[in-house]
Amino acid sequence: MKKNVPFDFHYSKEDDVLTIFDYSKKINDTVEFSEFLNISISKDGGIVGFEIFDASQFFNTLNPGLDREFLSKLKKVELEQREFRNNWFVVIWLFSDKKVISQPLPIFNKQTYESPLIASS
């Protein structure tokens with residue numbers, strides 16, 4: 001069984017944006033998965049980072065009470081990532097003071113992805 005992997009992170013309380021990256025790996029491409037989520041992918045096709053816009057609202061959807069204050073006091077962020085066929089399953093683990101939150105993300109299809117923002121124009 002795979003272990004959670006610690007990632008570097010930065011949270012902007014003013015902009016409500018959480019950036020999560022493995023800075024030891026190079027980014028090959030960044031995909032706009034939705035209007036609130038960008039995914040950075042390495043040359044070998046692995047996920048190396050996320051940019052989550054309106055992060056407090058996003059996390060609050062499944063974790064009531066999680067707010068900008070919680071995110072501004074983050075101590076550690078870990079990712080749990082699994083692959084099945086052509087999909088990634090990812091859970092973000094947020095550690096802040098004495099509270100730990102796990103947040104599953106939508107399933108990501110590994111095939112070539114077209115941004116919904118570009119497709120709608």
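Is Asp97 buried or exposed in this predicted model? Asp97 counts as exposed, because its relative accessibility is 54%, and the cut-off for exposed is over 50%.

**Close-up 1. Asp97 in the loop between β7 and β8.** The loop that holds Asp97 lies between strand β7 and strand β8, the latter made of residues 99-104. Asp97 has a positive phi, near 50 degrees, and is a residue other than glycine. With 54% relative accessibility, Asp97 is exposed.

**Close-up 2. Asp16 in the loop between β1 and β2.** Strand β1 covers residues 5-12, and Asp16 is placed in the loop between β1 and β2. The phi of Asp16 is near 55 degrees, again a positive value in a residue other than glycine. Asp16 counts as buried because its relative accessibility is 0%.

**Close-up 3. Asp22 and its contacts.** Asp22 is found in the loop between β2 (17-21) and β3 (29-34). A relative accessibility of 14% places Asp22 among the buried residues, since buried means under 20%. Leaving aside residues up to four places away in sequence, Asp22 touches Phe7 and Val48.

**Close-up 4. A nonpolar surface patch with Phe84, Phe89 and Ile107.** These three residues make a patch of about 280 Å². One of them, Phe89, is found in strand β7, which spans residues 87-96. Phe89 counts as partly exposed because its relative accessibility is 33%; patch residues need over 30%.

How values were computed
Residues are numbered from 1 along each chain as its sequence is written. This is a predicted model: local features need pLDDT of at least 70, side-chain atom pairs count only at pLDDT 80 or more; totals for chains, interfaces and linings use all residues. Side-chain values use heavy atoms; hydrogens and water are left out. Patches are made of residues with over 30% relative accessible area and no salt bridge: like charges are joined within 9 Å, nonpolar side chains (Val, Leu, Ile, Met, Phe, Trp, Tyr) within 5 Å. Accessible areas come from the Shrake-Rupley method with a 1.4 Å probe; for residues, only the protein chains shown count as cover. A salt bridge is a side-chain nitrogen of Lys or Arg within 4 Å of a carboxyl oxygen of Asp or Glu. Helices (H or I, at least four residues) and strands (E, at least two) are DSSP runs, numbered from the N terminus. Buried means under 20% relative accessible area, exposed over 50%, partly exposed in between (1.4 Å probe, protein chains only). Contact means heavy atoms within 4.5 Å.
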